[in-house]
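Please look over the sequence and the structure first, and then read the points below alongside them.

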Amino acid sequence: NKTILSLILIVFSIAALFLLAKYAIPRALVYLTRAAKPTEYSLANSYIFGSPLVAAADGETKIRVNVFLLNDQGMGVPDKNIELLVQPKTGVEGNAQVKQVQALTDKFGKAIFEVVSSFPGQFVVKASIGGAELPQTVTLTFR
């Protein structure tokens, strides 16, 4: 009886190892390979914010705008060039100026810009990569 039970246990163990090697391990490797690609990014997962949101319209007071380019797993995507577009809202006489502090994303996916304006009003700020815009925008106010 012990010999038969040992033989059955060995057969089941070999079958389990075969199934693990054939199905589970390749699927895990495919998943890990996809998750490790740092060059892919998700516009929907990425975001933009400004701080402070209100500043003096004196042409000198800066509002810092940060853009985070992230992948599907929420990890930063490095070495990508981010472009910032600032558009005045209706009724604003002029436009704001953008300074690229760090347009190329760092290892956390962060790009940094500064915005100043000599014109009072609100400005909508959009970020893009390769012509594709992030769905989120930020509104800055200069008084």
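A residue is called buried when its relative accessible area is under 20%, exposed when it is over 50%, and partly exposed in between, with a 1.4 Å probe and protein chains only as cover. The model is predicted, so local features need a pLDDT of at least 70 and side-chain atom pairs count only at pLDDT 80 or more, while totals for chains, interfaces and linings use all residues. Residues are numbered from 1 along each chain as its sequence is written, and side-chain values use heavy atoms, with hydrogens and water left out.

**The chain as a whole**

- The chain holds 1 helix and 9 strands, where helices (H or I, at least four residues) and strands (E, at least two) are DSSP runs numbered from the N terminus.
- Read from the N terminus, the order of the elements is α-β-β-β-β-β-β-β-β-β.
- Of the 143 residues in the chain, 31% are buried.
- The chain exposes about 9,200 Å², of which carbon and sulfur atoms supply 60%; accessible areas come from the Shrake-Rupley method with a 1.4 Å probe, and for residues only the protein chains shown count as cover.
- Among the contacts with a separation of 6 or more, 63% involve residues 24 or more positions apart, a contact being heavy atoms within 4.5 Å.

**The sheet**

- An open sheet is formed by 4 strands in the order S1-S3-S6-S5, with antiparallel pairing; two strands pair if DSSP finds at least two bridges between them.
- Its edge strands are S1 (42-51) and S5 (97-102), each of which pairs on one side only.
- Neighbouring strands of this sheet are turned by 25° against each other on average, direction ignored, with axes taken as lines fitted to C-alpha atoms (for helices over the stretch in contact) and angles running from 0 to 180 degrees between N-to-C directions.
- S1 and S3 run antiparallel and are joined by 6 bridges, and the bridge partner of Ser51 in S3 is Arg64.
- Strand S3 (residues 63-70) also pairs with strand S6 (residues 110-116) in the antiparallel sense, over 6 bridges, and here Arg64 has Glu114 in S6 as its bridge partner.
- Because 7 of the 8 residues of S3 are buried, this strand is largely enclosed by the rest of the structure.

**The salt bridges**

- The chain has 2 salt bridges, each being a side-chain nitrogen of Lys or Arg within 4 Å of a carboxyl oxygen of Asp or Glu.
- In one of them, the side chains of Glu114 and Lys62 meet at 3.7 Å, N to O; Glu114 is in strand S6, whereas Lys62 is in the loop between strand S2 (54-55) and S3, 52 residues apart.
- Glu114 counts as buried because its relative accessibility is 12%, while Lys62, at 45%, counts as partly exposed.
- A salt bridge also links the side chains of Glu114 and Arg64 at 3.1 Å, N to O, and since Glu114 lies in strand S6 and Arg64 in strand S3, the pair ties together parts that are 50 residues apart in sequence.
- Arg64 is partly exposed, with a relative accessible area of 34%, and salt bridges that share partners join Lys62, Arg64 and Glu114 into one network.

**The nonpolar surface patch**

- Ile4, Leu5, Ile8 and Phe12 form a nonpolar patch on the surface, with about 440 Å² of accessible area together. Patches are made of residues with over 30% relative accessible area and no salt bridge, joining like charges within 9 Å and nonpolar side chains (Val, Leu, Ile, Met, Phe, Trp, Tyr) within 5 Å.
- Ile4, one of these residues, lies in helix H1 (residues 2-35) and counts as exposed because its relative accessibility is 53%.
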